[in-house]
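Subject: Structure for your review

Dear colleague,

Please find below the structure that I am handing over to you. I would be grateful if you would look through it first and then read the notes that follow.

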Amino acid sequence: MSELTSKHIVAVPPDDLATRRLFLGVASLAGLGYAAAIGYPVYRYLASPIEENAAASAVTEVALRDAQKLPPGSALMFKFGSQPAMLIHHRDNTWTALGAVCTHLGCTVQYVPARGVIHCNCHGGEYDPHTGQNISGPPPRPLKRYVVKLNDEAAVVSRA
Ligand code: FES
């Protein structure tokens, strides 16, 4: 074991100590600033979908102004929270509101009035437009169903 001798002790002039402390202080602040500059956008990127999903899942009802005037045999795409959905006015004068997210791999589906089906262009899945039941192709489950109520000003769609 070596002993500490006066040869090992190096006298540092007071100005150098102050300069080193200043350098370390500036370097620490710069490091914090750099971490914040990188970290905050990453935080926002990761947090935004979580916040949006929380806000979207809090939605329980959507009023579609003037949608009660939708002609029979047509559909209106809209967003229920963050999810695409469709309101369909059938030729028999009944109404259906369904989620428009395919239950296979999540593509957005479309109403095809000429064929009387809801079709998914991704892999050809099809659904019954009255019930949302999956009727052909790869979709494993029916589309999400909503409740539709009409009034003089709007079609009001709410969770089933
Ligand atoms: Fe719709 Fe595959 S995503 S059928």
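The bounds of a domain, as used here, come from an automatic or database domain assignment. On that basis the chain of this predicted model has domain 1, residues 12–58, and domain 2, residues 61–159. Taken over C-alpha atoms, the centres of domain 1 and domain 2 are 47 Å apart.

Overall form

Read from the N terminus, the order of the elements is α-β-β-β-β-β-β-β-β-β-β. The radius of gyration of the chain is 31 Å, whereas the globule rule gives 15 Å for 160 residues, so the chain is more spread out than a compact globule. Along the principal axes, the C-alpha atoms fill a box of roughly 100 × 40 × 25 Å. Of the 160 residues, 18% are buried. Among the contacts with a separation of 6 or more, 36% are between residues 24 or more positions apart.

The six-stranded sheet

Strands of a sheet pair through backbone hydrogen bonds, either parallel or antiparallel. In which order do the six strands of the open sheet stand? The order is β1-β10-β9-β4-β3-β2, and the pairing is antiparallel. β1 and β2 are the edge strands, each pairing on one side only. On average, and ignoring direction, neighbouring strands of this sheet are turned by 25° against each other.

Several pairings in this sheet can be followed in detail. β1 and β10 are antiparallel and share five bridges, and L64 has A155 in β10 as its bridge partner. β9 is likewise joined to β10 (residues 154–159) by five bridges, in the antiparallel sense. V148 has V157 in β10 as its bridge partner. These two strands, β9 and β10, form a hairpin with three residues between them. β4 (residues 95–99) pairs with β9 (residues 145–150) over two bridges, again antiparallel, and L98 stands opposite R145 in β9.

The four-stranded sheet

A further open sheet has four strands in the order β5-β6-β7-β8, with antiparallel pairing. β5 (110–112) and β8 (134–136) stand at its edges and have a single partner strand each, so one side of each is left without a neighbour in the sheet. β5 is joined to β6 (residues 117–119) by three bridges, and the two run antiparallel. The bridge partner of Q110 is H119 in β6.

The nonpolar core

In soluble globular proteins, nonpolar side chains tend to be buried together. The largest nonpolar core of this model has 22 residues. Those with the most contacts inside this core are A85, M86, L87, A97, L98, Y146 and V157. At least two residues of the core come from each of β2 (74–80), β3 (83–89), β4, β9 and β10. The most are given by β3, with four residues.

Apart from its neighbours within four places in sequence, the contacts of L87 include L64, F78, W95, A97, V148, A155 and V157. V148 and V157, both in contact with L87, are also bridge partners of each other.

Residues in the loops

Most residues other than glycine have a negative phi, and most peptide bonds are trans. Two residues may be looked at with this in mind. D66, in the loop between β1 (61–65) and β2, has a positive phi near 65° although D66 is a residue other than glycine. Is D66 buried or exposed? D66 has 10 C-beta neighbours inside 10 Å and therefore counts as exposed, since the limit for an exposed residue is 12 or fewer.

N93 is found in the loop between β3 and β4. N93 is not a glycine either, and its phi is positive at about 70°. With 7 C-beta neighbours inside 10 Å, N93 counts as exposed.

R91 also lies in the loop between β3 and β4. R91 counts as exposed because it has 11 C-beta neighbours inside 10 Å. Leaving aside neighbours within four places in sequence, R91 is in contact with P72 and G73. R91 and P71 are 20 residues apart along the chain, and their C-alpha atoms are separated by 8.5 Å.

Yours sincerely,

A colleague

Conventions. Residues are numbered from 1 along each chain as its sequence is written. This is a predicted model: local features need pLDDT of at least 70, side-chain atom pairs count only at pLDDT 80 or more; totals for chains, interfaces and linings use all residues. The radius of gyration is taken over C-alpha atoms; the globule rule is 2.2 Å times the number of residues to the power 0.38. A residue is buried if 20 or more other C-beta atoms lie within 10 Å of its own, exposed if 12 or fewer, and partly exposed in between; C-beta atoms are placed from the backbone. Two residues are in contact if their C-beta atoms, placed from the backbone, lie within 7 Å. Two strands pair if DSSP finds at least two bridges between them. A nonpolar core is a set of buried Ala, Val, Leu, Ile, Met, Phe, Trp, Tyr and Cys residues joined through C-beta atoms within 7 Å. Axes are lines fitted to C-alpha atoms, for helices over the stretch in contact, and angles run from 0 to 180 degrees between N-to-C directions.
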